[in-house]
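Here is a short briefing for your next look at the model. Please keep the sequence and the 3D view open side by side as you read.

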Amino acid sequence: ARPLTPAEARPSPVAAVAPSAPAAPPAPPKPQPPLAHALIAEPDAELAKGIADLCARWRISSEIVEDGADALLAIFRSPPKIALLGAGLPSFSAEKLCEIVRRAGSPEAPKLVQVAVASEPPASGYEPDAMLEPADLPAGLAAVLERLGIGAKPLEAPAKPAPAAVAAPQ
């Protein structure tokens, strides 16, 4: 084989690399699996939905029930990591549910969060792990989740830098 001449060694214009297609936009991030499960026992459907939305942001799946009896069945059927027991539950009150769950003494018992007016301390001696006032829902639940170490605090969007101040011409 003979060596290439300078003309043969130059790349051919036809053999030039064709421009590549524009890069596809990055795929949206995959949803993260839940870290925990919550039972929301709340007779107010709109409030329950707001609580469930907050739980989802904390990577906590949830089940909503509107009655104390249904809450009791759900707690013993498949114990959640946390049970939020709303004020005014039919069948069993939040305070009664706390008492029943505490008396059962199950190692799988959920953390109990009772919704009640602050002037109504639990009288049964079977206190919940946390108490919230109805006016503090759903936003106040975030501090309780953080304190109890349940779920993952949502990442806040990075703050956009403030536009630089421009001096007005004089």
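Helix 4 is followed by G105, whose phi is positive, near 65°. This is a predicted model, in which local features need pLDDT of at least 70 and side-chain atom pairs count only at pLDDT 80 or more, while totals for chains, interfaces and linings use all residues. Residues are numbered from 1 along each chain as its sequence is written, and side-chain values use heavy atoms, with hydrogens and water left out. Helices (H or I, at least four residues) and strands (E, at least two) are DSSP runs, numbered from the N terminus.

**How helix 4 sits**

- Helix 4 covers residues 94-104, and its buried residues are A94, L97, C98, E99 and V101.
- Here, buried means under 20% relative accessible area, exposed means over 50%, and partly exposed lies in between (1.4 Å probe, protein chains only).
- The cover over the buried residues of helix 4 includes helix 3 (68-77), strand 3 (82-85) and strand 4 (111-115).

**Salt bridges within the helix**

- The structure holds six salt bridges, each being a side-chain nitrogen of Lys or Arg within 4 Å of a carboxyl oxygen of Asp or Glu.
- One of them joins the side chains of K96 and E99, at 3.6 Å from N to O.
- K96 and E99 are three residues apart in helix 4, so about one helical turn separates them.
- K96 is partly exposed, with a relative accessible area of 37%, whereas E99 counts as buried at 12% relative accessibility.
- E99 also forms a salt bridge with R103, where the closest N and O atoms are 3.0 Å apart.
- Both E99 and R103 belong to helix 4, and they lie four residues apart, about one turn of the helix.
- R103 counts as exposed, at 56% relative accessibility.

**A link out of the helix**

- The side chains of R102 and D129 meet in a salt bridge, with an N to O distance of 3.0 Å.
- Because R102 lies in helix 4 and D129 in the loop between strand 4 and strand 5 (130-132), the pair ties together parts that are 27 residues apart in sequence.
- R102 counts as partly exposed at 27% relative accessibility, and D129 is partly exposed with a relative accessible area of 27%.

Key:
Contact means heavy atoms within 4.5 Å.
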